[in-house]
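Dear colleague,

Please find the structure below.

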Amino acid sequence: MKPFTYERAADARAAVKAAAETPGARFIAGGTNLLDLMKLEIEAPQHLIDVSRLPMAAIEAEGEGLRIGAMATNSQVAGHAEVRRRYPVLTQAIVSGASGQLRNRATTGGNLMQRTRCPYFYDASKPCNKREPGAGCAALEGVSRETAILGASHACVAVHPSDMAVALVALDAEVETLTPSGEARRFPLMELHRLPGETPHLETHLIPGELITAVVLPPPPEGGQRYRKARDRASYATAHASIAVAGGKVALGGVAHKPWRAVTAEAALAAGASPDEAMTAELAEAQAIGENAFKLPLTARLGAATIREARGETP
Amino acid sequence: MSSVNDWAGPNPVKDNRSGLIGKGVDRYEGPLKVTGTAPYAYEVQPPSPPAYGVMVGATVATGRITGVDIAEAEAAPGVLLVWTHRNVPAQPAKGTRKHPRSTAGSKPALESDRVAYFGQPVALVVADTLENATAAARLVRLTYDAASPDVDFAARKAGAGQPPGEEDVEIGNFGEGFAASAVQLDETWTTPIQNHCQMEPCASLAWWEGDRCIAHTSIQMVKPAQHGLAETLGIDRDDVRLMTRYIGGGFGGKGQTYDDLTLAALAARALGRPVKVAFTRQQMMHGTIHRPATVQRVRLGADRDGRLNAFSLMTWTHCHRDGAFTEHASNFARTLYAAPNRLTGHRLVKLDLPGAGPMRAPGEASGTLSLECAMDELAERLGLDPVELRIRNEPPVDPENGRPFSQRQLVRCLKEGAQLFGWDRRLPTPGQVRDGRWLVGYGMAAAIRGNFLLPAKCSFSVDDDGVITVRQGMTDIGTGTYTVLAQIAAETLGVPLGQVRVEIGDSELPPAPGSGGQFGAATAGSAALMAGMNLRKAIAELATGDAESPLHGGDPAKIVFQDGVVGIENRSETLAGLIRRAAPGGLTVEGEIRPASDMREWSQQTYGAHFCEVGVDPVTGEVRVRRMLGVFAAGRIINAKTARSQLTGGMIWGAASALTEGNPVDPRYGSLLGQDLAQYLVPVQADIGEVEAIMLDEVDDKANPMGIKGVGELGNSGSGAAVANAIYNACGVRVREYPITPDKLLAGLIARGL
Ligand SMILES: Cc1cc2nc3c(=O)[nH]c(=O)nc-3n(C[C@H](O)[C@H](O)[C@H](O)COP(=O)(O)OP(=O)(O)OC[C@H]3O[C@@H](n4cnc5c(N)ncnc54)[C@H](O)[C@@H]3O)c2cc1C
Ligand code: SF4
């Protein structure tokens, strides 16, 4: 780990101000992702701004919806009575991720901003465009099964590992932020993450130093909700593929550089297609890369089964 | 040398007067370990503040180091020294044995500019803090002339040769027997590289007292570590004191020392202060040994009623370019089933991968994954129950060498297991049982693992308080050695458990071979029993010969030891009182065990039967273990709790081998893909449902004076095959390429229209 300086932000404004003024600064919340990466020197911030104690952990009603503070931990959100009652897909998604210990530390903001689990990203001896733009991508012809089938590029085939974000995208959540200049912004969470393109090191549309302050859920859509995740072991493993269904809304995880809103599938379902047909339509553009070919049938099957389950039909 | 018949007489372990033998006594160090207060080597407090060494691993798999730039690292805060092959102190060439009786040769670190595997330690940075050393280690700049690594096992398999000094074993004529068999099976299985993933990564602490090196390290076998370090340092063996008091798991991966020990000792000498060096979790994956991958071809030829006429298990495997290790996955098969025509053997190819070496149940753990699934497939072709097929092929004597079995209760394990598990509810046609979204299936497999006894010594002391101290250069790698030695001592001397102290893990203590090959408890425990018997004799003679003792003049052979009291009929006194008066300062005696000369006249194994219920999600190919039962016959059980833990731990590992564990090789870089415990998947609690291990009553009086056998590896033999067979029974898909992950299963599920 490289030496770094540290401060505890007094409030959100002070946090973004410090971020704007200090070169190489990063926010740290639960630290469950950032610290691991710092130990491997995959991240080497010169300055850490600790936002974990900012009073932004409340989960409260906002109109007919729910506002989740960025510092609410994954465990708090998953266990919240309103979330469990009205947004069960979110609880299911969160508890399928990481482990109990990690979820107790991990925050809503940090979870959205966590970085890929691509094994080559973690091994600094291998070329990786995300770590070092222009270096090349070891995963492209590598032996990892955990690569993207949707929206990947020749520069990067990594997937976004968050489960929570997949449910939030299906729920049409919005993100609230504070920009470095102190302005509050609010935009659909679906627009937070980017596809890799030629710049896989740019993962979100946040301005450097922009702080996520909350996630806002609109009232839940009509219809059943369900999250399912396929993986090698029953816990503490990222998804080969996952799917969140909330009424007519569908999002996929483990298949792309961002939580993947399945708009094609949604349209097909709305037009009366069967779940299988809808998934087939969604995956029409999907491409296998090396070891990940199994993800195509897996995503199609898991997707269709989960849509049926959310509707109360036999999977 | 003695005969096994000498062991048949009564002794305190067999008499078990106070009932301590067999009791599920809690591990003495359990609370220490779970509260983090059992000091591992890295946590031992040295006499003065230590410096911290961090190793740098090679980032290529093969080639030469051509450029070394350590200037920036040397100038970094707190750095005390930076070594590469260019400036490390001279060490005797690898394998040097100056002392003819050394049990290990020199293991020089940073020996040359040659890189022989990815992750090989190529530099050391020592600093005043771990953080400074870690930061400076990243500043060591090495350039390589890298060659293209030769690591593709599948591609190189065709050129594999006989392991040195080995030949195939053929009995009868396999080819003819197989050709003439009414029912034939010929299938090939593959198993991947596995990493040990001990809770405690390898670590060492060393300091010098004058010309003596004091080292704490995490090691399964004390003597070879001590000897190897002395050879490496070029000093007398007695000038190395090597300790390993608490160990966070070994599994065979700590049967040898690594560069952490060599470098800690060298740096401590150079700096004149204690030095700690540890592997990080990531470094463990490449920097220490692994279980190598195998390809196993099984051929079974049987007549229509299921009697095997011909069987063959041929194993291909790999080891490091400079190594000699062979994963003997075919060996166990020589003893398991009867068949007149038999062919087994191994082929080995050398690769530029890190070192291959032993891992829990070496041989059996890999080999049962093929043969025990092949038996399942054969049973299906014959329309026979898999339990019955095994019973039909039960040999009356060892099928390869004709020796009688010392004990063989495999059939009883199979029958009792089947009954306890409810095996009769299994539907032989796969894919018939559903529970919600899960397809449910049952599978079973046999377990076998050799039993061994090695020479060992032990000393026993009694002090003025009547406290018994056991001293032995043995190790406790988390298996319960401390506790079972205390049980044996307490039972032998008739004192409460709380009145026994056990000191192990120190090269100054009477030598024992350590922990490995599931010989630990039998070997160390037998030496302890011998030493305990000698102490009884010394105490008895002391009492009967002491004019002030109420036992004076009695027959020493008639003395009873119980509850801290020594007595003959109605005359008695306390052990403490006797010692205080008649031998103030206490008594110390030694004892030793040696394998009896006629021990090899028996075929000696431990046995078991695994039964397993799994759920397969037909949509995703995910598998979850719902229930596992193992029934084992492994001699007398000294501690029901530690034995059960060993067996269930082995069973879970087997399930992991079937389902998740394996580290793919990236042939471009010669490196392994999984480099931490988020990527290399060992099972978690949620993966494993109910697990139960039942131990049958057994006493094996040919094994050792206590009639006990090993249990540490047996559970890992066969349990993976039981899982694989259950998967087939659940969904009708056979995957012969381990681990059986969803990607592999899915193709079969789709092909079956599921
Ligand atoms: C072994 C392991 C397994 C895991 N498995 C899963 C899994 O299966 N599914 C899953 O979803 N997750 C998984 N995780 C990831 C875990 O969910 C994340 O580590 C966690 O959510 C990150 O939250 P944090 O608060 O600790 O973030 P931190 O580590 O503190 O920060 C992560 C990143 O977010 C930035 N950041 C933090 N807060 C803000 C904010 N308010 N505004 C802007 N930027 C911010 C930081 O600067 C940093 O770059 C796993 C983690 C581990 C270690
Ligand atoms: S897939 Fe992306 S993260 Fe992985 S190695 Fe390639 S560029 Fe790096």
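Which residue of chain B forms a salt bridge with A:R145? The partner is B:D743, and the closest N and O atoms of the pair are 3.1 Å apart. Please bear in mind throughout that this is a predicted model.

**The interface of chain A and chain B**

Across the same interface, 17 residue pairs are in polar contact, both residues having pLDDT 80 or more. On the side of chain A that touches chain B, two or more residues come from each of helix 8 (119-122), strand 9 (225-230) and helix 12 (295-310). Helix 12 of chain A gives the most, with 5 residues.

In total, 35 residues of chain A are in contact with 40 residues of chain B. The area buried between the two chains is about 3,000 Å², and carbon and sulfur atoms give 57% of this area. Of the area that chain A buries against chain B, 23% is supplied by A:D232, A:R233 and A:R301, more than by any other three residues.

**Helix 1 of chain A**

Helix 1 of chain A covers residues 12-21, and its buried residues are A:A12, A:A15, A:V16, A:A18 and A:A19. Seen down the helix axis, these buried residues fall within an arc of 160°, so they line one face of the helix. They pack against strands 1 (5-8), 2 (25-28), 3 (47-50), 6 (174-178) and 8 (211-217) of chain A. On the other side of the helix, A:R13, A:A20 and A:E21 are exposed. The N-terminal end is capped by A:D11, with a side-chain oxygen 3.1 Å from the backbone nitrogen of A:R13.

A:T179 lies in the loop between strand 6 and strand 7 (184-188) of chain A. Is A:T179 buried or exposed? A:T179 has a relative accessible area of 4%, under the 20% limit, and is therefore buried. Its contacts beyond four places in sequence are A:V16, A:R185, A:I207 and A:E210. The C-alpha atoms of A:T179 and A:R13 are separated by 9.1 Å, although the two residues are 166 residues apart along the chain.

**The nonpolar cores**

In soluble globular proteins, nonpolar side chains tend to be buried together. The largest nonpolar core here has 107 residues, and B:L371 is one of those that touch the most other members. Among the contacts of B:L371 are B:V298, B:F311 and B:Y337. Another core, of 57 residues, lies apart from this one and includes B:V470 and B:I488.

Yours sincerely

Terms used:
Residues numbered from 1 in each chain as written. Chains lettered and ligands numbered in written order. Predicted model: local features only at pLDDT ≥ 70, side-chain atom pairs only at ≥ 80, totals over all residues. Heavy atoms only, no water. Buried < 20%, exposed > 50% of the residue type's maximum accessible area, 1.4 Å probe, protein only. Helix = DSSP H or I, 4+ residues; strand = E, 2+ residues; numbered from the N terminus. Arc of directions from axis to C-beta. Contact = heavy atoms within 4.5 Å. Polar contact = N/O pair within 3.5 Å; in protein donor to acceptor, adjacent residues only side chain to side chain. Core = buried A, V, L, I, M, F, W, Y, C linked by side-chain atoms within 4.5 Å. Buried area = accessible area lost by both parts, 1.4 Å probe. Salt bridge = Lys/Arg side-chain N within 4 Å of Asp/Glu carboxyl O.
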